[in-house]
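I opened a new structure today and kept short notes as I went. Here is what I looked up, in the order I looked.

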Amino acid sequence: MNSVPTFRHGRSYVVFGAADRGGCAGVVAIIFVLTLLVIPPMLLLVSESIRNDTFTSLMELLQDDIKELGVSNIHAGDMVHAVSDDVFVTPGAFDPEMSVVVPNALLL
């Protein structure tokens with residue numbers, strides 16, 4: 001028996017897995033790192049854009065001059081605020097002059 005360690009002589013062979021030098025592990029790692037670096041900032045930008053749009057529209061609504069319905073200086077296109085206990089939801093509203101039916105309309 002030979003007890004001295006010897007080195008293998010002859011053809012080399014390819015070992016797939018952790019010792020893979022020419023495989024796709026490096027490419028997959030680069031794609032994974034780029035995904036981690038690109039996707040979260042894009043999601044943050046989209047969410048910030050949505051939040052900004054919501055905030056801007058809310059501030060426009062709050063800063064607008066909302067008038068009470070009984071005020072006499074109401075012009076066409078003004079936003080009005082009305083409170084009434086006589087509002088109820090019906091199966092539909094009907095205008096006989098225009099022959100229009102609106103389902104689930106609010107009637108005052």
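**Overall look**

I started with burial: buried residues make up 4% of the 108 residues in the chain (buried means under 20% relative accessible area, exposed over 50%, partly exposed in between, with a 1.4 Å probe and protein chains only). This is a predicted model, where local features need pLDDT of at least 70, side-chain atom pairs count only at pLDDT 80 or more, and totals for chains, interfaces and linings use all residues. Residues are numbered from 1 along each chain as its sequence is written, and side-chain values use heavy atoms, with hydrogens and water left out.

Next I checked the confidence. The chain has a mean pLDDT of 75, and 59% of its residues reach 70 or more (pLDDT is the predictor's confidence in each residue, from 0 to 100).

Helices (H or I, at least four residues) and strands (E, at least two) are DSSP runs, numbered from the N terminus.

Of the contacts in the chain with a separation of 6 or more, 0% are between residues 24 or more positions apart.

The accessible surface of the chain comes to about 10,300 Å², and 65% of it belongs to carbon and sulfur atoms. Accessible areas come from the Shrake-Rupley method with a 1.4 Å probe; for residues, only the protein chains shown count as cover.

**Along the helix**

How many salt bridges does the structure hold? I got one, counting a side-chain nitrogen of Lys or Arg within 4 Å of a carboxyl oxygen of Asp or Glu. The side chains of Glu 48 and Arg 51 form the salt bridge, at 3.0 Å from N to O. Both sit in helix H1 (residues 25-63), three residues apart, about one turn of the helix. Glu 48 is partly exposed at 39% relative accessible area, and Arg 51 is partly exposed too, at 48%. My reminder to myself: side chains of opposite charge can pair when their charged atoms come close.

Then I found a nonpolar surface patch of about 990 Å², with Ile 30, Phe 32, Val 33 and Leu 34 among its residues. Patches are made of residues with over 30% relative accessible area and no salt bridge; like charges are joined within 9 Å, and nonpolar side chains (Val, Leu, Ile, Met, Phe, Trp, Tyr) within 5 Å. I looked up Ile 30 by itself: it lies in helix H1 and counts as exposed at 55% relative accessibility.

**The hairpin**

On to the strands. E4 and strand E5 (residues 100-103) pair in the antiparallel sense over four bridges; two strands pair if DSSP finds at least two bridges between them. Asp 95 stands opposite Val 100 in E5, and Gly 92 has Pro 103 in E5 as its bridge partner.

E4 and E5 form a hairpin with four residues between them. Ser 99 lies in the loop between E4 and E5 and is exposed, at 57% relative accessibility. Most residues other than glycine have a negative phi.

**One more loop**

Last, I checked Pro 91, in the loop between strand E3 (88-89) and strand E4 (92-95). Pro 91 is exposed, with a relative accessible area of 76%. Not counting residues up to four places away in sequence, Pro 91 touches Pro 103 and Asn 104. Pro 91 and Val 102 are 11 residues apart in sequence and 8.6 Å apart in space, C-alpha to C-alpha.

Technical notes: Contact means heavy atoms within 4.5 Å.
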